[in-house]
Amino acid sequence: MYDYDLLVVGSANADLVIGVERRPAAGETVLGSDLAVHPGGKGANQAVAAARLGAHTALLARVGDDGHGRLLLDSLRAAGVDTVGVLVGGAPTGVALITVDPSGDNSIVVSPGANGRLTPGDVRAATSLFHASRVVSTQLEIPLETVVEVVRNLAPDSRFVLNPSPPRPLPTEVLAACDPLIVNEHEAKVILGDACVSDAPKDWARLLLAKGPKSVVVTLGAEGSLVASSSAGVTRVASVKVDAVDTTGAGDAFTAALAFRLGAGASLTEAAAYASRVGAVAVTREGAQDSFPTADEVEAL
């Protein structure tokens with residue numbers, strides 16, 4: 001019996017957001033809106049998104065002993081996330097500097113802070129969380145050696161979901177554990193490297209699958225997503241058409257929803273379709289965690 005539907009291991013940041021008419025070119029200064037501070041980070045975002053959907057969720061992360069860290073802990077608890085695995089201290093809380101243009105597209109620069117101090121030792125010390133979790137999800141805003149240790153501490157029957165963002169080449173050991181590996185176009189190209197010999201997303205999915213993951217999901221924004229496995233081939237999942245306001249955090253909402261539904265027994269295609277609806281609601285609202293819907297709001301869509 002699992003205590004948690006989802007354990008997220010990853011980053012927790014304060015998002016410092018400024019709206020701009022357009023993103024600046026090199027050496028250029030542009031004026032923006034008033035600064036808004038929101039709880040964020042891919043790990044914390046995924047945990048909050050899953051909890052909002054009704055998943056019993058825990059987060060293993062590290063924040064600073066500062067105002068941003070307290071903001072994050074408050075937002076996690078308010079969403080219903082179990083914060084027993086959130087460690088405090090070692091460095092200032094991570095910060096993401098985000099610019100958002102009128103179309104809703106964003107550019108992000110991350111200062112990892114305490115996220116960079118989440119160590120393999122912290123993972124080993126949290127073994128009980130891993131053995132209590134049906135699905136484990138992580139990203140790459142924490143050290144890669146910590147992600148490797150996550151894979152080594154998975155419970156025998158649990159499922160591992162990875163969104164490799166920001167992208168980098170991945171060890172074979174990590175790739176082999178992914179079920180699925182979730183990537184957008186940029187992430188797919190970085191991970192494929194010289195093996196990216198095609199401009200067709202279906203080929204990316206097949207080439208990524210050949211690198212060892214049990215399954216792959218390629219997200220294509222307004223074009224939906226592709227799901228791929230060796231047994232079922234490549235399947236397109238349609239998007240939900242909405243007017244995007246802000247895409248910040250939408251990928252995290254998609255990943256969390258997909259991981260949650262997989263743990264509940266959905267097929268990869270079913271989970272991706274549900275995750276598309278969750279992401280569609282999220283992009284119609286400003287912010288990251290503030291935009292994440294409840295299960296009832298997803299059903300209403």
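Please bear in mind that the structure is a predicted model.

I begin with the sheet. It is open, has nine strands with mixed pairing, and its order is β5-β4-β1-β8-β9-β10-β11-β12-β13. At the edges stand β5, residues 82–88, and β13, residues 233–237; each has a single partner strand, so one side of each is left without a neighbour in the sheet. On average, and with direction ignored, neighbouring strands are turned by 15° against each other.

Two helices deserve mention here. Helix α7, residues 185–192, lies across β9, β10 and β11, and runs at about 115° to β10. Helix α8, residues 201–210, lies across β10, β11, β12 and β13, at about 150° to β11.

I turn now to charged side chains. How many salt bridges does the count give? It comes to ten, and I shall discuss three of them.

In one of these, Asp122 meets Arg62, with an N to O distance of 3.3 Å. Asp122 belongs to helix α3, residues 120–125, and Arg62 to strand β4, residues 57–63, so this pair ties together parts that are 60 residues apart in sequence. Both Asp122 and Arg62 are buried.

Arg159 forms a salt bridge with Asp179, and their closest N and O atoms are 3.2 Å apart. Since Arg159 is in strand β9, residues 159–163, and Asp179 in strand β10, residues 178–183, the pair ties together parts 20 residues apart in sequence. Arg159 is partly exposed, with a relative accessible area of 22%; Asp179, at 15%, counts as buried.

Finally, I come to the aromatic rings. The count of aromatic pairs is zero. Rings do, however, take part in contacts with a charge: Arg261 lies over the face of Phe260, 5.9 Å from the ring centre. The charged end of Arg261 also sits over the ring of Tyr274, at 5.3 Å from its centre.

Key. Residues numbered from 1 in each chain as written. Predicted model: local features only at pLDDT ≥ 70, side-chain atom pairs only at ≥ 80, totals over all residues. Heavy atoms only, no water. Phe/Tyr/Trp six-rings, centres within 6.5 Å; stacked < 30°, edge-to-face > 60°. Lys NZ or Arg CZ within 6 Å of the ring centre and 35° of its normal. Salt bridge = Lys/Arg side-chain N within 4 Å of Asp/Glu carboxyl O. Helix = DSSP H or I, 4+ residues; strand = E, 2+ residues; numbered from the N terminus. Buried < 20%, exposed > 50% of the residue type's maximum accessible area, 1.4 Å probe, protein only. Pairing = 2+ DSSP bridges. Axes fitted to C-alpha atoms, helices over the stretch in contact; angles between N-to-C directions. Contact = heavy atoms within 4.5 Å.
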